Amino acid sequence: MNYYEHHIGDYAEATAHLSFVEDAAYSRLLRKIYATEKPLPTDIKAAQRLIGARTKEEREAVETVLHEFFTLHDDGWHNKRCDEEIARYKEGDEEREQRQANEK
């Protein structure tokens, strides 16, 4: 996905308690899921590397955020809202493809 709706109020309500670094980690994790349309790696170190968490504080923030906002499944770390938005996006793939074909 190259686009996703970001509901500022929902995000602010859910993340007001996060530190600056935790908020940055959460935002990067969400963007990675939307960009790849798949869950984050099951291995936390791989997820940390994927979003560029290098310092101890950044790595700890990723771990904290994963445990609070994501659930671990066999195929990786999932976020409920991301899964719903991606599913909705994929449902519209057929319609988009038809529109694009008609435009050509």
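Tutor: What follows sets computed values against their definitions.

Tutor: The model is predicted, with local features needing pLDDT of at least 70 and side-chain atom pairs pLDDT 80 or more, while totals for chains, interfaces and linings use all residues. Residues are numbered from 1 along each chain as its sequence is written, and side-chain values use heavy atoms, without hydrogens and water.

Student: What makes a run of residues a helix or a strand here?

Tutor: DSSP runs decide: H or I over at least four residues is a helix, E over at least two a strand, numbered from the N terminus. The protein has six helices and two strands, in the order α-α-α-α-β-β-α-α from the N terminus.

Student: Why is a set of residues called a nonpolar core?

Tutor: The set must hold buried Ala, Val, Leu, Ile, Met, Phe, Trp, Tyr and Cys residues joined through side-chain atoms within 4.5 Å. Buried means under 20% relative accessible area (1.4 Å probe, protein chains only). The largest such core has 24 residues, with Tyr-26, Leu-29, Leu-40, Val-62, Leu-66 and Phe-70 making the most contacts inside it. Two or more residues each come from α2 (20-36), α3 (44-50), α4 (56-69) and α5 (80-91); α2 gives the largest share, seven residues.

Student: Which residues is Leu-66 in contact with, leaving aside neighbours within four places in sequence?

Tutor: Contact means heavy atoms within 4.5 Å. Leu-29, Leu-40, Ile-44, Ala-47 and Trp-77 are in contact with Leu-66.

Student: How many of the residues are buried, as a percentage?

Tutor: Of the 104 residues, 31% are buried.

Definitions and conventions:
Buried means under 20% relative accessible area, exposed over 50%, partly exposed in between (1.4 Å probe, protein chains only).
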